[in-house]
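Subject: A structure for you to look at

Hi there,

Here is the structure I promised to pass on to you. Please open it in your viewer and keep it beside you while you read the rest of this email.

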Amino acid sequence: MTGAPMPEVPNVETAVSSNRSGTISVRATSMGMPIAIKFERSEYQYGAQALADEILRLTKRSTIAAAARLREVYSEQAGIPDQLLDKMNLPTRRQAVEELDRIDDADTGQTSWMRPL
């Protein structure tokens with residue numbers, strides 16, 4: 001069978017998220033698997049549960065960002081239609097931003113006096 005070669009598409013997409021102070025960072029795949037966790041010693045002062053909670057929150061943020069990036073790669077490089085990407089539960093960039101904002105608001109509370117319309 002001859003034809004155009006298949007575009008090379010990555011098997012795994014990753015993203016990194018860090019806390020505000022930059023003392024904890026997590027790299028996770030689009031499937032939610034944390035593959036690198038870094039944190040400074042000073043984080044021990046808040047206790048194991050607080051550290052674990054923050055690692056899970058950052059893993060969730062990284063997963064969402066990586067999944068949105070994977071959707072863009074599949075759409076642009078492989079030409080996969082949006083309907084199929086929706087069925088794969090890969091968020092659009094806008095959906096990812098909205099979900100990341102929701103996660104941050106849940107963590108810190110509302111950061112503005114303005115309310116959404």
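Below is what turned up among the charged and aromatic side chains.

Please keep in mind that this is a predicted model. Let's begin with charge. Side chains of opposite charge can pair when their charged atoms come close.

Is Glu13 buried or exposed? Its relative accessibility is 13%, so Glu13 counts as buried. Arg69 has a relative accessible area of 37%, so Arg69 is partly exposed.

Arg93 and Glu72 form a salt bridge in which the closest N and O atoms are 2.8 Å apart. Here too, distant parts of the chain are joined: Arg93 sits in helix α3 (residues 93-108) and Glu72 in helix α1, 21 residues apart. Arg93 counts as exposed, at 56% relative accessibility, whereas Glu72, at 24%, counts as partly exposed.

How far along the helix are Arg94 and Glu98 separated? They are four residues apart in helix α3, so about one helical turn lies between them. Arg94 is exposed, with a relative accessible area of 64%, and Glu98 is partly exposed, at 45%.

Salt bridges can share partners as well: in this way Glu54, Arg57, Arg61 and Asp104 are joined into one network. Do pick out those four residues in your viewer.

Finally, the aromatic rings. How many aromatic pairs does a search of the whole structure find? It finds one, made by Phe39 and Tyr44. Their ring centres are 5.6 Å apart. The planes of the two rings stand at 85 degrees, and over 60 counts as edge-to-face, so this pair is edge-to-face. Phe39 counts as partly exposed, at 32% relative accessibility, and Tyr44 counts as exposed, at 53%.

Enjoy exploring, and write back with any questions.

Best wishes

Note on methods
Residues numbered from 1 in each chain as written. Predicted model: local features only at pLDDT ≥ 70, side-chain atom pairs only at ≥ 80, totals over all residues. Heavy atoms only, no water. Buried < 20%, exposed > 50% of the residue type's maximum accessible area, 1.4 Å probe, protein only. Salt bridge = Lys/Arg side-chain N within 4 Å of Asp/Glu carboxyl O. Helix = DSSP H or I, 4+ residues; strand = E, 2+ residues; numbered from the N terminus. Phe/Tyr/Trp six-rings, centres within 6.5 Å; stacked < 30°, edge-to-face > 60°.
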